[in-house]
Structures are given as structure tokens and as C-alpha cells.
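Q: Hi! Could you walk me through this one while I have it open?

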Amino acid sequence: MKCEQLAALYEEYALGVLEGEERAELEAHLASANDPCVAGVARARWVVSQLALAAPDAQPPAALRGKIMDAIKANGDTARAVVPLEKPKPAKPVAMFPLWAWVAAAALALVTGYTIRQMNNQNDQLAQLRKQMKLATMQNQALQNQLDMDRTVAMVMMSPDSIPVKLMPKVKGMPMVHAYLHPQMGVAITADQMPSVASGRTLQLWFVPKTGKPMSVAIFRPDAMGQIALVAPVHMPANEIAALAVTDEPAGGSPQPTTPIAWMAQMN
Amino acid sequence: MLLAVVQPWPEGNQPTDAALMERILQRDSSALEALYDRYGRPVYSLALRIAQHPSSAEEIVQDVFLQLWRSADRFQISRGPLEPWLFTMARNRALDFLRLKREKQRRREDSDSDILPSAVVRPDPEGDIDRSRRAEKIRALLASLPEAQRRAIELAFFEGLSHSEIAAATGEALGTIKSWIRGGLLRLRESLEEDGS
């Protein structure tokens, strides 16, 4: 996967929720210091860290500050606590070992070296097995995730409470995008034979309210087969939505549409 | 006299986090006190929210600041500001505490529970808004999300659950949980970027 495709996952990775194939893909990029994903994830870490401020404000006990300072001073690890060390006296010459002791020590070192080498080999094999197991688990998890997403999309599509909406393309020859609005489960988006999206770009779904600015609902890209199937949460009652629109935006999405509408549906 | 060596910071001329970290490297404990005065409260609030017990939160805060003291040489201001670094370290410590408490072996066996947080990049360090305003904004944003979506994000951040664990805990489909969290984080990013904060 390219960095542009992984950009939508940066915050989830920083939050620690990402699993399976997606996590493995991103970590492979992060292993390279010059990969753009490294900076993207670093920036996402800042965004996610800000959720700490959602914790209810609480005053620490007054004594805590003193406890911390006592703890570092107790280690004698402060500038004020530094005491010049007395210069060590030269050690007395050590008596020579007899020859038999040197031979015994050399034999012991050989045996120890051999044992360590054997242990290292076994550890390598064990690590290899663990790696293979981890990969198999990740592949299984990725398939499971896809299956779960398909099930959710199907549930929304088939629910009698869902409102089906057809988003018509603005360019001739392009396929239709289908949306199904469910008041609780969210909006399911499906499409087939979609053209590939340019590198560094993404498609973004918007709810256009009867009054006010468009609201971002989801960012997505067709898969390798040109298919789209996803469910995104709905933040707006259906009767307040005037239209649904899809635009082509930079990877990661935009706060407001920056390009002309590519697909659109008016709500009655 | 002791009072003669006390040097309060001039009003409006607070030392930067980077300057305080430099002084910590020189083993100046008063710099750690200054950083505690600056960040002790939000770090304690976070630890208390996760650990749910005051004495545990105290232990976590103490651990975080001692780690800051011991590992000051591993913090590089060029790699990002101190605040998110501290928050990330506090969250990791508190979640480790939770996991220990629940006696659960978690998938993070090879992750960073014992190491320091990775690099953090803040988009616009100059455009800072004060922390309490940012906190209000983030709380308002979470409050504006549907209850179930907010709960999913809180389970991820404050309880350290993964997508599938949240799906299991809430009974929602995994795909729904992913969409909720992705949508919520996108709104958080957009909201923070709007202010250039």
C-alpha cells in the first residue's frame, strides 16, 4: 500500500486500535526513517494525545510534588547532591594463577560459548515461528475485518429503516454510487467499477444540510477491483439533509470540499 | 539563608519546556519542579481517569515524572513538544497499570510499555491556544458525537481497547466500530487544525 492510502490510518495507529494487516502494512512503512508515513504518524500522535485533555480535571494531592522530589533526591542524583568521588587507589598486583587454572578456565569458556551459540540458534528458530504465527493471525484478522464490514453493509442495505439514495455521476460513463441512510447504523456506501483514484487523493462523502456548510461523513478509495463497501456513522437526521455529494480531495480528506462535485443526490 | 537562593520565574517570562529539559540534563531538580507545576495537573487528571483510583493515579504520576528525570537525555525538543510526549507516557503507564490490574496478557507484548513515546509532531507550535481552551474544545467535540461513537473512542483512548475488543465489549459490528473511531478522529484532527493549535 502507498503512503497516501495509509494516511487515513495514522490516527488509529497512534490510538493503538489498529490491528491485523493494516497495522502490519503501516509498521512496514514506519520501519523506514525517510518514509512520509513517519511524519504523518508523529503528527497523528499529537492529535491523539490531545484526547488526554478530555479527562475530567482533577487536582493532584499537595504532597505528591514533595514525594517526587524526595524520590529523586533519595537517589542522590541531583546537582546539589553531587559529591566528588575520592580517586580510587591503585589496586594491588594480583597473584598469578597456576597453569592448570588457565586451562580449566579456557575449557569452561569454550563450553559456555558453544552452549550460548546453541541457545541463540534455538531462539532464532523460535522467533521465526512466532513471526510466521503472527503473520497468519494478521491475515486471518484482515479477512475477518473485511467479512464484518461486508456484513454491516448488507445489514444497513437490507434494513427496512434505511433510505436508499442514488448518487449520480457528473461525468458521463462513470458508475453510480449507492448510499443507504440508516438512523442508527449509519450510512452504507457501495459502488462497482469505480475508476482508480489518483495517488495522494481520496474520495470524500459529504452531507449537505438544508442550511449551513457541508459536513464530512467519510473518506474512501475503491479497492483493487474498483469496488466500494463501507459504513460510516451519521451525525445528522435524514430530514435535515438536502443532498449527498462526493468530491475528490487530498489524502486524509478536507474540512470542506475543495473540488467540484463528482457524484450527487438530492434528498426529497 | 535558604530564601536567598530561591529565584522565582519573572512574570510573563516563563522558561520554555526545552530550557527546563536542558536544566534537567544538568541534574537541576528545580527544573523538574517547574515542569511538575506546569503539567502535574493534566497528567494526574489523565491517570485518574484511566486508573479510576487516586492512589494509583498518584503512583502513575510519580512514575512518569521520575521517568522524565531519568530519561531526559532521550527527549529531543526537535522531535516534538513535551506536552504530548508526557501525555503519551502517562497514558501508556496508566494502561499498563489497568492491564496488570485485569491480569490480562495483552497484544502489546512487543510494544512500548517500557520505552519512551515515539516522536510527536505538532503542526503549529507558534499558534498555541491555552490548554484549558483546548480541553473545552475537545470535550465539546466529544459531547457532540453520538453516545455510542463517543463511547467507542473513550474505550480506545482511556481503556486501551483495540477495534475488535471494543466491538466485543459493545456488541457492535467491527466495521461500525472502525467507522465510528475513524470518523471521530477525523473530526478531532479537523477541529485541532481549524485553530492551528
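Q: Let's start with chain B: how many helices and strands does the secondary structure come to?
A: Chain B has eight helices and zero strands. Going from the N terminus, its elements read α-α-α-α-α-α-α-α. Bear in mind that this is a predicted model.

Q: Okay, and what share of chain B counts as buried?
A: Of its 197 residues, 39% count as buried.

Q: What about contacts in chain B between residues at least 6 apart in sequence: what share joins residues at least 24 apart?
A: That share is 66%.

Q: Switching to the contact between the chains, how many residues does each one bring?
A: Chain B puts in 62 residues and chain A 53 residues.

Q: Which helix of chain B gives the most to the side that touches chain A?
A: That's α8(B), with 15 residues. Helices α2, α3, α4, α5, α6 and α7 of chain B are also among those that each supply at least two residues.

Q: And how does that side of chain B split by class?
A: There are 30 nonpolar, 17 polar and 15 charged residues on the side of chain B that touches chain A.

Q: I'm looking at α4(A) and α4(B) now. At what angle do they pack?
A: The angle is about 70°, and the axes are 9 Å apart. Angles of 65 to 115 degrees count as roughly perpendicular, so α4(A) and α4(B) are roughly perpendicular to each other.

Q: Which residues make that contact?
A: From α4(A) you have A:Arg45, A:Trp46 and A:Ser49, and they meet B:Pro84, B:Phe87 and B:Thr88 of α4(B). By class, that makes three nonpolar, two polar and one charged residues.

Q: New topic, the largest nonpolar core: which residues touch the most other members?
A: They are A:Ala179, A:Val187, A:Ile189, A:Leu230, B:Ala47 and B:Ala90, out of 107 residues in that core. Helix α2 (residues 29–51) of chain B gives the most to this core, with 12 residues.

Q: Let me zoom in on B:Ala90. What does it touch, leaving out residues up to four places away in sequence?
A: B:Ala90 touches B:Val43, B:Leu46, B:Ala47, B:Ile60 and B:Val64.

Technical notes. Residues numbered from 1 in each chain as written. Chains lettered and ligands numbered in written order. Predicted model: local features only at pLDDT ≥ 70, side-chain atom pairs only at ≥ 80, totals over all residues. Core = buried A, V, L, I, M, F, W, Y, C linked by C-beta atoms within 7 Å. Buried ≥ 20, exposed ≤ 12 C-beta atoms within 10 Å, placed from the backbone. Helix = DSSP H or I, 4+ residues; strand = E, 2+ residues; numbered from the N terminus. Contact = placed C-beta atoms within 7 Å. Nonpolar A, V, L, I, M, F, W, Y, C, P; charged D, E, K, R; others polar. Axes fitted to C-alpha atoms, helices over the stretch in contact; angles between N-to-C directions. Parallel < 35°, antiparallel > 145°, perpendicular 65-115°, else oblique.
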